Amino acid sequence: MTRWTIAGVMALVSILAGCQSQPKQYSLRGQVMAKDEAASELTVKHDDIPGFMAAMTMPYKVKDPQAMKDVQPGDAITAEVISANSGREYWLQSVRITSQEGRKNAKPAIRHALSIGDQTPEIPLTNQDGKQIRFSDFKGKSVLITFIYTRCPMPAFCPRLSSQFARIHEDLAKAARDYDKTHLLTISFDAKYDTPPVLRRYGLAYLDNHAEGFSHWDFACADPADMQRIADAFGLEYFEEDKQISHTMNIVLLTPEGRVARYWSNDWSTAELEGALRQQAESPVYHGRPKG
Amino acid sequence: MNGPWRSAAIACCLVAGCGLDGCDSRQHGEELFELHCADCHEMSNPDLKKQPPKLEGLFQAKGLPSGAPATDEQVRKTIIEGLGTMPAFQGRLSQGDVDDLIRYLHTLK
């Protein structure tokens with residue numbers, strides 16, 4: 001068998017393997033914008049990854065502890081993106097630092113301005129009906145908050161968050177007691193496009209056109225200055241680049257008193273979110289050290 | 001490109017079923033499809049509330065999955081404005097991008 005025949009057979013094997021949903025591998029080149037050691041996660045601003053992702057900034061898991069230790073915000077890196085389970089899981093491997101020049105200009109690590117137990121500030125929001133709402137409107141209910149923009153095309157990002165919230169909403173609607181003691185809040189950071197009518201249309205799609213669901217799940221936006229205050233309060237980062245918005249994924253749970261009970265910014269499941277929301281409605285549980 | 005090379009290139013494109021611009025445009029459409037559409041329409045995403053429809057044969061069907069007529073204009077409207085849980089691509093794809101994308105969608109049988 002010639003070298004080319006072997007190469008051909010190998011290529012065919014690779015193609016067939018690809019058809020069986022084997023993990024796929026893509027080359028990434030980019031710059032590390034943030035590092036979350038606790039979550040083993042790097043936020044990377046990367047070039048186009050043909051076949052996987054357009055150029056953008058997004059968080060990636062890193063399974064190699066040594067790589068997490070070595071890489072610092074600002075570093076230029078190359079890595080392989082491993083995409084498994086039809087793209088639902090992905091992580092970086094073979095991370096290599098190609099330049100450390102950017103370290104001196106790197107931004108500090110993302111931190112939540114509000115600590116566990118802190119009271120949420122009174123920041124005005126406008127909901128899908130054009131009505132002004134505030135976090136204190138939900139006093140007496142546990143509240144699960146997330147942040148999206150309706151034009152997000154990445155199924156693992158905003159559509160996933162909204163789909164998970166929709167499932168939680170549907171489950172809670174089956175138990176009147178839990179439904180009445182909880183609330184969902186989706187906040188858009190794209191006020192330019194996500195006006196109340198757009199948010200209403202988006203919300204209805206996730207509520208199966210049942211508008212009465214808005215009494216339990218608000219879709220809101222804020223003016224840019226207020227949105228920045230909200231982002232600062234909950235550790236959300238977002239910025240527009242290449243005609244789309246790069247952003248972190250953040251979920252926040254509030255106690256019925258309006259205090260921060262818990263944050264999620266990486267691993268979570270719908271069941272975990274729903275369980276925490278129900279539990280919070282019964283009795284405040286702080287996941288972290290509450291402030292006195 | 002001139003002389004025999006240009007003729008050869010045109011011949012290759014004609015064999016492939018499109019003109020010089022058409023080849024580029026369809027390839028661009030395919031790239032846009034892979035970047036913006038395939039993740040939802042070609043992959044199974046159990047996390048999503050609604051599974052987006054496959055787009056093979058989109059223009060051969062009597063109507064779009066929404067029930068609307070399968071016309072370029074209707075597909076263009078859906079891409080730009082979004083529909084249901086499908087996000088709008090307004091502001092992110094140029095008119096030329098949408099043209100190329102639609103051209104590519106026509107080739108999906």
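This briefing describes the architecture of a two-chain complex. The model is predicted, and the predictor assigns the complex an ipTM of 0.74 and a pTM of 0.73. Chain A contains 7 helices and 14 strands, whereas chain B contains 4 helices and 0 strands. The two chains meet through 17 residues of chain B and 19 residues of chain A.

**Overall composition of chain A**

- Chain A comprises 292 residues, of which 37% count as buried.
- Among the contacts in chain A with a separation of 6 or more, 66% come from residues 24 or more positions apart.

**Domains of chain A**

- Chain A is divided into domain 1, spanning residues 23–100, and domain 2, spanning residues 125–282.
- A distance of 27 Å separates the C-alpha centres of domain 1 and domain 2 of chain A.
- The contact between these domains of chain A involves 9 residues of domain 1 and 7 residues of domain 2.
- On the domain 1 side of this contact, strand β3 of chain A (residues 56–62) gives the most, with 4 residues.
- The side of domain 1 of chain A that touches domain 2 is made up, by class, of 5 nonpolar, 2 polar and 2 charged residues.

**The seven-stranded sheet of chain A**

- Chain A holds an open sheet of 7 strands with mixed pairing, in the order β7-β6-β10-β9-β8-β13-β14.
- Strands β7 (132–133) and β14 (260–264) of chain A stand at the edges, and each has a single partner strand, so one side of each is left without a neighbour in the sheet.
- Within this sheet, strand β6 (residues 125–127) and strand β10 (residues 217–221) of chain A run antiparallel and are joined by 2 bridges.
- A:N127 has A:A220 in β10(A) as its bridge partner.

**Helices lying across the strands**

- Helix α5 of chain A (residues 196–206) lies across β6, β9 (182–188) and β10 of chain A, and runs at about 150° to β10(A).
- Helix α7 of chain A (residues 270–282) lies across β8 (142–148), β9, β13 (251–254) and β14 of chain A, and runs at about 145° to β8(A).
- The edge strand β14 of chain A is thus among the strands that helix α7 of chain A lies across.

- Strands β11 (residues 238–241) and β12 (residues 244–247) of chain A run antiparallel and are joined by 4 bridges.
- A:Y238 stands opposite A:H247 in β12(A).
- β11(A) and β12(A) form a hairpin with 2 residues between them.
- In the turn of this hairpin, A:D242 has a positive phi of about 50°.

**Chain B**

- Along its sequence, chain B follows the pattern α-α-α-α.
- Buried residues account for 17% of the 109 residues in chain B.
- Of the contacts in chain B with a separation of 6 or more, 49% come from residues 24 or more positions apart.
- The average pLDDT of chain B is 81, and 79% of its residues score at least 70.
- Over residues 1–17 of chain B the pLDDT stays under 50, and for this stretch the model has 9 contacts beyond four places in sequence.

**Interface between the chains**

- In the contact between the chains, 17 residues of chain B face 19 residues of chain A.
- The side of chain B that touches chain A has, by class, 6 nonpolar, 6 polar and 5 charged residues.

Key:
Residues are numbered from 1 along each chain as its sequence is written. Chains are lettered from A and ligands numbered from 1 in the order in which they are written. This is a predicted model: local features need pLDDT of at least 70, side-chain atom pairs count only at pLDDT 80 or more; totals for chains, interfaces and linings use all residues. Ala, Val, Leu, Ile, Met, Phe, Trp, Tyr, Cys and Pro count as nonpolar, Asp, Glu, Lys and Arg as charged, and the others, Gly among them, as polar. Two strands pair if DSSP finds at least two bridges between them. Axes are lines fitted to C-alpha atoms, for helices over the stretch in contact, and angles run from 0 to 180 degrees between N-to-C directions. Domain bounds come from an automatic or database domain assignment. A residue is buried if 20 or more other C-beta atoms lie within 10 Å of its own, exposed if 12 or fewer, and partly exposed in between; C-beta atoms are placed from the backbone. pLDDT is the predictor's confidence in each residue, from 0 to 100.
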